[in-house]
Amino acid sequence: MTELAPCPSCKSTFTYEMDNLLACPECGHEWSMEENITGDHEFIVKDSNGNILQNGDAVVVIKNLPVKGSSQSIKAGTKVRNIRLVDSDHNIDCKIDGFGAMALKSEFVKKA
C-alpha cells in the first residue's frame, strides 16, 4: 500500500483518495494529486480585511490584546513595523516598543 501525503491544510495523516482527488476527513480539504506532487501549496497570510501580508510589512493592531504574564495590554491602533511571517497558529513575529518580541495572530491586525 502506498502512503499518501498528509493534508496541506491541517497536516493530518489520515488522507484518502476520492476519484482523482485526495481528501482529508478531519478538515474536509480536497486537493489534486498533481498539486501534491508539484508542491504548489504556498504559505499565504491574510490580515483581518483579507489583504495578503508579506515579510517586512507594517501592520496596525485592531483591538486591545492582553499580554500573557503582563498587566499591560497592546492597545488598538499600535503600529508594528517590519513583521516576519511564520507558519504556526500565531503567524506574525514582530517587536513592539515597550513589550519586545511578540507573536501575533493575523486576524487581529490590518495592513498599514
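This is a predicted model: local features need pLDDT of at least 70, side-chain atom pairs count only at pLDDT 80 or more; totals for chains, interfaces and linings use all residues.
Let's start with the secondary structure. The chain holds 1 helix and 13 strands. The chain is more spread out than a compact globule, because its radius of gyration is 18 Å, well over the 13 Å that the globule rule gives for 112 residues. The box filled by the C-alpha atoms, taken along the principal axes, is roughly 55 × 25 × 20 Å.

Next, consider what is covered and what is open. Of the 112 residues in the chain, 27% are buried. The accessible surface comes to about 7,700 Å², and carbon and sulfur atoms account for 47% of that area. As for charge, there are 12 positive and 16 negative side chains, with the centres of the two sets 18 Å apart. Contacts also tell you something about how the chain folds back on itself: among those between residues at least 6 apart in sequence, 36% join residues at least 24 apart.

An unreviewed entry lists residues 3-32 as "domain: Protein YjdM N-terminal". This span is 0% helix and 30% strand, and its end C-alpha atoms lie 16 Å apart. The annotation "domain: Protein YjdM C-terminal", again from an unreviewed entry, covers residues 45-112. Here the chain is 0% helix and 41% strand, with 15 Å between the end C-alpha atoms.

Is serine 106 buried or exposed? It counts as buried, because its relative accessible area is 10%, below the 20% cut-off.

Because its relative accessibility is 53%, asparagine 55 counts as exposed. Even so, asparagine 55 touches Ile83, Arg84 and Leu85, not counting residues up to four places away in sequence. Arginine 84 is 29 residues away along the chain, yet the C-alpha atoms of asparagine 55 and arginine 84 are separated by 4.8 Å.

Finally, have a look at two backbone angles. Most residues other than glycine have a negative phi. Lysine 11 is not a glycine, but its phi is positive, at about 65 degrees. You can find lysine 11 in the segment before strand S1 (16-18), and it is exposed, with a relative accessible area of 51%. Asparagine 82 is also not a glycine and has a positive phi, of about 55 degrees. Its place is the loop between strand S9 (79-80) and strand S10 (84-85), where asparagine 82 counts as exposed at 59% relative accessibility.

Terms used
Residues are numbered from 1 along each chain as its sequence is written. Side-chain values use heavy atoms; hydrogens and water are left out. Helices (H or I, at least four residues) and strands (E, at least two) are DSSP runs, numbered from the N terminus. The radius of gyration is taken over C-alpha atoms; the globule rule is 2.2 Å times the number of residues to the power 0.38. Buried means under 20% relative accessible area, exposed over 50%, partly exposed in between (1.4 Å probe, protein chains only). Contact means heavy atoms within 4.5 Å. Accessible areas come from the Shrake-Rupley method with a 1.4 Å probe; for residues, only the protein chains shown count as cover. Lys and Arg count as positive and Asp and Glu as negative; His and the chain ends are not counted. The place of a charge is taken as NZ of Lys, CZ of Arg, CG of Asp or CD of Glu. UniProt positions are given in the numbering used here, feature names are shortened, and annotations may be inferred rather than shown by experiment.
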